[in-house]
Amino acid sequence: MDLKTRKRLSVLVLVLGLPAYVIVAVTLVNWMDAQWGRQPIWIELLVYIGLGIIWIIPLKRLFTGIGRDE
C-alpha cells in the first residue's frame, strides 16, 4: 500500500473509527458496572488502559511511517 493511501486510511480511522471505539469501550465499562456493580477505580483504570492499547495493535502497520515525507 502506498503512503498516500495509508495517510487517507489513517485519517479515516482516526476520524470515524476511534470515536466509535471509544463508544464501545465506555459501553463495555457501563455493562461491567450493570453486571457486577461498580468496580474499584483501579480496575476501571486498568480496563480503560487495556482498551486504549488494544485498539492500536491491529492498526499498527497502517500508522507506521505516516509522518515521513513522500
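A nonpolar core is a set of buried Ala, Val, Leu, Ile, Met, Phe, Trp, Tyr and Cys residues joined through side-chain atoms within 4.5 Å; buried means under 20% relative accessible area, exposed over 50%, and partly exposed in between (1.4 Å probe, protein chains only). The model on screen is predicted, so local features need pLDDT of at least 70 and side-chain atom pairs count only at pLDDT 80 or more, while totals for chains, interfaces and linings use all residues. Residues are numbered from 1 along each chain as its sequence is written, and side-chain values use heavy atoms, with hydrogens and water left out.

**Core**

Select Ala 25, Val 29, Met 32, Val 47 and Leu 51: these five residues are the largest nonpolar core. Colour α1 (3-36) and α2 (41-54), the elements that give two or more residues to this core. Helices (H or I, at least four residues) are DSSP runs, numbered from the N terminus. The largest share of the core, three residues, comes from α1.

Now centre on Leu 51. Leaving aside residues up to four places away in sequence, Leu 51 touches Tyr 21, Ala 25 and Leu 28, where contact means heavy atoms within 4.5 Å.

**Glu 44**

Is Glu 44 buried or exposed? Its relative accessibility is 11%, so Glu 44 counts as buried. Show its neighbours as well: Val 29, Arg 38 and Gln 39 are touched by Glu 44, again without residues up to four places away in sequence.

**Aromatic pairs**

The structure holds two aromatic pairs. Rings of Phe, Tyr and Trp (its six-membered ring) pair if their centres lie within 6.5 Å; planes under 30 degrees apart count as stacked, over 60 as edge-to-face and the rest as tilted. Select Trp 31 and Trp 36: the ring centres are 5.2 Å apart and the planes stand at 75 degrees, so this pair is edge-to-face. Trp 55 and Phe 63 also form an edge-to-face pair, with 6.2 Å centre to centre and 80 degrees between the planes.

- Trp 31 is partly exposed, at 43% relative accessibility.
- Trp 36 is exposed, at 55%.
- Phe 63 is partly exposed, with a relative accessible area of 22%.

End at Met 1, which is placed in the segment before α1. Its relative accessible area is 65%, so Met 1 is exposed.
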